[in-house]
Structures are given as structure tokens and as C-alpha cells.
Amino acid sequence: MSRPANFFIKPLTFHYLISMTSTVQYLGDLRTEATHLYSGTKIITDAPLDNQGKAEAFSPTDLCATSLATCLMTIMGISARNHGLDMTGAKADINKVMASDPRRIARVEIQITMPANGYTDVQKKILETAARTCPVAFSLAEGIEQAIDFEWL
């Protein structure tokens with residue numbers, strides 16, 4: 001069956017909620033200010049010492065690594081709430097390992113310390129599984145190693 005000359009296949013499109021999340025302004029001297037549009041919260045970034053900066057604030061790659069930890073803990077918090085668990089006081093320590101040629105994050109190490117709340121083995125498994133399903137973890141390049149460890153007090 002032949003197609004008419006003006007026939008074309010419309011490309012697939014994905015529909016997303018179109019809403020700006022933030023704005024970023026370059027302040028000079030390797031510093032930016034990001035503003036979250038919904039809340040007005042501001043974050044300053046600064047280039048790190050090893051890349052011509054002053055390291056007076058989070059670097060963009062620091063925020064990336066830290067975003068992974070905040071996402072893990074947020075998803076864990078949702079799961080905890082849904083299962084009637086309290087994880088108030090949980091803490092994440094983050095170590096970002098950089099590589100060169102090109103400069104990039106090679107590895108993010110996160111140590112999550114959970115409070116002494118008498119979690120059962122099943123509850124621990126629920127929370128650890130939830131942590132490993134965070135959107136940031138799935139969004140990072142496959143070349144970035146994610147080492148996530150849990151300490152249960």
C-alpha cells in the first residue's frame with residue numbers, strides 16, 4: 001500500500017508537567033546563586049579549590065553527590081512513613097571522588113547511619129530497598145559508581 005505524498009509519521013512526544021524549577025544567576029568570580037522558584041530558597045555554589053575556586057560554598061559536583069544522599073533519605077522517609085516507622089535522626093555522610101580527563105564524578109560513597117529504633121530485619125530491608133530506588137540514583141550516569149552502606153545503631 002502506498003502512502004500519499006504529504007503523509008508523514010508524527011514523532012512520538014512525551015508530555016511532562018511544564019514548570020520551571022529554578023533559576024541560576026552567575027555572580028562572578030566562579031560563583032552562582034540558584035533560586036528555587038516555588039519556595040524562594042537560595043543556594044550559592046562556588047568552584048572548588050582544585051578547580052580555581054575558593055570552596056566557600058558547595059561546588060556543583062558537591063550538590064550532585066549530596067542530591068543523591070538527600071534523595072535516598074527522602075525516599076526512605078516516604079517508605080518509613082508508609083510502614084509506620086520513624087527514622088528521625090538518620091544521617092548520611094557523603095564522599096565524592098573525582099576523576100579527570102574529562103573532569104567528572106567517578107564515585108559517590110554514602111554512609112547512612114540509622115537511629116537505634118529497634119528496626120527488625122524486614123524493616124531494614126524495606127528501607128534499604130527504598131533507598132536504592134531513588135530517582136537521582138537512576139538519573140546519574142552509569143559510569144558514576146554509587147557505594148551506599150548502612151549502619152544500624
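Hi everyone, let's begin inside helix H1, where Ala65, Leu68, Ala69, Cys71, Leu72, Met73, Met76, Ser79 and Ala80 are buried, meaning under 20% relative accessible area with a 1.4 Å probe and protein chains only. Please keep in mind that this is a predicted model, in which local features need pLDDT of at least 70, side-chain atom pairs count only at pLDDT 80 or more, and totals for chains, interfaces and linings use all residues. Residues are numbered from 1 along each chain as its sequence is written, and side-chain values use heavy atoms, leaving out hydrogens and water.

H1 spans residues 60-82, and its 23 residues reach 33 Å from the first C-alpha to the last, close to the 33 Å expected at 1.5 Å a residue; that expectation is 1.5 Å times one less than the number of residues. Helices here are DSSP runs of H or I with at least four residues, strands are runs of E with at least two, and both are numbered from the N terminus. After H1 comes Gly84, with a positive phi near 70°.

What covers those buried residues of H1? The cover includes strands E4 (91-99), E5 (104-114) and E6 (145-152), along with helices H2 (121-131) and H3 (135-139).

That leads us to the largest nonpolar core, which has 27 residues, with Leu68, Ile110, Ile112 and Met114 making the most contacts inside it. By nonpolar core I mean buried Ala, Val, Leu, Ile, Met, Phe, Trp, Tyr and Cys residues joined through side-chain atoms within 4.5 Å. H1, E5, H2 and E6 each supply at least two of its residues, and the largest share, 8 residues, comes from H1. Ile112 touches (heavy atoms within 4.5 Å) Leu72 and Met76, among others, not counting residues up to four places away in sequence.

Now for the sheet. It is open, with 3 strands in the order E1-E2-E3 and antiparallel pairing, where pairing takes at least two DSSP bridges between two strands. E1 and E3 stand at the edges with a single partner strand each, so one side of each has no neighbour in the sheet. E1 (22-28) and E2 (31-36) pair over 6 bridges, with Ser22 partnered by His36. In their hairpin, which has 2 residues between the strands, Asp29 has a positive phi near 55°. E2 and E3 share 5 bridges, and Glu33 stands opposite Ile44.

Notes: Buried means under 20% relative accessible area, exposed over 50%, partly exposed in between (1.4 Å probe, protein chains only).
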